[in-house]
Amino acid sequence: MKEYNLNESFITKIAEEKALTTKDLQVYYGNNHAIFDANLEFPRFEITALIGASGCGKSTFLRCLNRMNDKRARVDGEIMYRNLDINSPKINVYEVRKHIGMVFQRPNPFAKSIRENITFALKNAGITKKEILEQRLEQSLKDAALWDEVKDDLDKSALALSGGQQQRLCIARSIAMHPDILLLDEPASALDPISTSKIEETLETLKKNYTIIIVTHNLQQASRISDYTAFLHLGHIIEYNTTANVFTKPKMQATEDYVSGNFG
Amino acid sequence: MNAKKYDHLATGVIYTLVVAVILILVAILGYILFNGVPDISWHFLTSAAQSFSAGGGIRDQLFNSLYLLVLTIIVSLPIGLGAGIYLSEYAKDNWFTDLIRTSVEVLSSLPSVVVGLFGYLLFVIKLNLGFSILSGAIALTFFNLPLLTRNIEESLRSVPDLQREAGMSLGLSNWKTTTKIVLPAALPGILTGLILSAGRIFGEAAALIYTAGQSAPTVDYTNWNIFSSTSFLNPMRPAETLAVHIWKVNTESVTPDAHLISSASSAVLIIVILIFNLGARFLGNQLYKKITATK
C-alpha cells in the first residue's frame, strides 16, 4: 500500500447553516486509536457522503454521531448539535437518537407487522393519538417510497417484504420519528441495483426536510447523490469538500488516487 | 476406495445408527404404551389410590404432579427469566459472568437425588417446611433452573444484534429494547424450552421422594381455601406425584394390582409428556406467527 502523509488534509469550512459539527473527535477501541482529530461540519438539508476503503473508520465515525458507539468504544472530543455537545456524558442518549436517526447496512425490521414497525417507537416516545400515528405511518411510508407497495398489507409481517422493501421500511421507521438528521451506514450495500436506485431517489427527496449523512463504499453512489464528500483514510479525514470538487478536483494525492481507482 | 464409495459407506453407517436410535426409542415407548394404555380408564384417572386392595386410581397423584409443576414454574420462571436476560443482555464478558455460567452448568449436571437430599436437609428439616408441595417445588426449582436459565439465555442470544441496534437507534432504552423487541422475538424459543422443562419436572421422582413426600393424603377438591389442611390447593401438605407413585408401587406396594397400576401410570406419564411436547411446538409456532404477523 502506498504511504500517504496522514497529517496533511484539506477540510473545507461550510458557509451555510450547520446541522452537526465535530471537534477533535477521537475514537479508541481499547488501545487501538481508530479515528484521529475529526473536525467536520455537516451542512443542513444536504447529503454528505463518507467514503474510504474498508476499515478506514467511516462507519465508526458515523456511529459516534448518535452515540451508537457507547459501550463499544471510547469517543473523545465534541459533537455539537444545536449548541449542545451531544458527546457529553450528561446527555440523554435516548433523546439524542430521537433527533438523529440511523439506518443500518443490513435491513433490520422488527419481527412485527409493517404498521407496528413504524408506530412502535412513536408510541414509546409518548405519541398515542390514533390519528397522529396513522398520519405518521402513511407519511413516512410515502416519503420512503414504500406506501404504494404496502398500503394494503400494513398488518402483514415486515419480514415478508423483499430486502429492498425492508430497507425502505427501516428508512420510513427512522423518519417517522421526525429526526433532524438521518445517518445511513451503507444502506444499499446488501441490495440489488433496482432497489438501490429506489433508495437513492428516496434520499434525494428526503434531503428537502432532513440532513443526511451517508457512508458508502460505492463511489458512483457518492458522486450521484451527495453534495459534500469526506474521504477518510486509516482513521484520518484526508479531504472534505463539495462532492464535485472531491471527485473532479481533489486537493490531496490520496483522494485523487482513491476516486480514480489507483488506490492501494 | 474412491469418494463415491466412501460416501455410500458413510451414508450407510449413519442410517444404521439412526435406525438403532429409533428402534430403541420405539421399543421403550411401545412397551410402555402397549402395557399401560389398555388399563387406563376414566375410573383409573378419577379415583383415589388404594393401599391394600385392588382397583385404586391415580387421581391425587396426577393432580399433585400438575399442581407441583405449576408451582415450580411460578417459582422458577421469573428467576430464570431474570438470570437469562442478565446473562444475555447485560452481563459483560468477564470472570464473574464466566463464574455464573460455569455454576449454572455444574448445577445442571447435579444428580436429582442429590438435589432431593439437599432439599430434604434444608427445606424439610432446617426450614421446617416438612414434606410438602412447597418443599418439592423449591427443590424442583433448583433442579430446573439451570437448564431453564440456559435456554432463556440462548433464545435471547439467537435474536440478531441488528434488532437491538434498530431499537437503540430509535431512542428506545436498553430495557425497552430488551423487553419489547428482543424478548418477543425470542419468545417461541423460550416457550418451547419452558414446556420441555415442564416435561422433565413432570417425570422427576428422585428429587421429590425426600421433599414432597411419598404420601397422598385425601384432599377435598371443593375446598378452595389454600390455608386449609384438607384443601387440594394447600402447598404445605405432602404430595406424592405420579412419578413417585410409580416408584413406590414398584418397590413397596402391597396392592395385588401393583403391576397394572405401575404400567398404566407410566403410560399416563408418557402421554402427558407427549402432549407437553406437541403442545410446545404448536404453541411456539402460533405465538411466533401472532407476534411476527406472519400468516
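Predicted model: local features only at pLDDT ≥ 70, side-chain atom pairs only at ≥ 80, totals over all residues.
The secondary structure of chain B as a whole comprises 11 helices and 0 strands, and its C-alpha trace extends over about 70 × 60 × 40 Å along the principal axes. Of the 295 residues of chain B, 43% count as buried, while the accessible surface of the chain amounts to about 15400 Å², with 70% of that area belonging to carbon and sulfur atoms. Among the contacts in chain B with a separation of 6 or more, 74% are accounted for by residues 24 or more positions apart. The unreviewed UniProt entry also places the feature "domain: ABC transmembrane type-1" at residues 62-280 of chain B; the end C-alpha atoms of that stretch lie 20 Å apart, and 73% of the span is helix, with 0% strand.

Helix 3 (59-90) and helix 4 (95-108) of chain B each contribute at least two residues to the patch, and helix 4 gives the most, with 3 residues. B:Y90, which is found in helix 3, is partly exposed because its relative accessible area is 35%, a value that lies between the limits of 20% for buried and 50% for exposed residues.

Two loop positions of chain B are, by contrast, buried. B:E204 is located in the loop between helix 8 (174-203) and helix 9 (206-209), and its relative accessible area of 9% is the reason why B:E204 counts as buried. Leaving aside residues up to four places away in sequence, B:E204 touches B:S112, B:L140, B:F143, B:T241 and B:A243, whereas the C-alpha atoms of B:E204 and B:N174, which are 30 residues apart along the chain, are separated by 38 Å. B:A239, in the loop between helix 9 and helix 10 (242-252) of chain B, is buried with a relative accessible area of 3%. The C-alpha atom of B:A239 lies 5.9 Å from that of B:G213, although the two residues are 26 apart in sequence, and B:G213 is among the residues that B:A239 touches beyond four places in sequence, together with B:N64, B:I133, B:A212 and B:S215.

In chain A, UniProt (unreviewed entry) places the feature "domain: ABC transporter" at residues 20-259; the end C-alpha atoms of this span are 25 Å apart, and its composition is 38% helix and 27% strand. The largest nonpolar core contains 53 residues, and those with the most contacts inside it are A:L141, A:I171 and A:L203. A second, separate core of 51 residues includes B:I133, B:L183, B:L194 and B:L208. Apart from its neighbours within four places in sequence, A:I171 is in contact with A:V103, A:A144, A:L182, A:L184, A:I199 and A:L206.

Methods: Residues numbered from 1 in each chain as written. Chains lettered and ligands numbered in written order. Heavy atoms only, no water. UniProt positions renumbered as here; feature names shortened; annotations may be inferred. Helix = DSSP H or I, 4+ residues; strand = E, 2+ residues; numbered from the N terminus. Buried < 20%, exposed > 50% of the residue type's maximum accessible area, 1.4 Å probe, protein only. Core = buried A, V, L, I, M, F, W, Y, C linked by side-chain atoms within 4.5 Å. Contact = heavy atoms within 4.5 Å. Areas by Shrake-Rupley, 256 points an atom, 1.4 Å probe, with all protein chains shown as cover.
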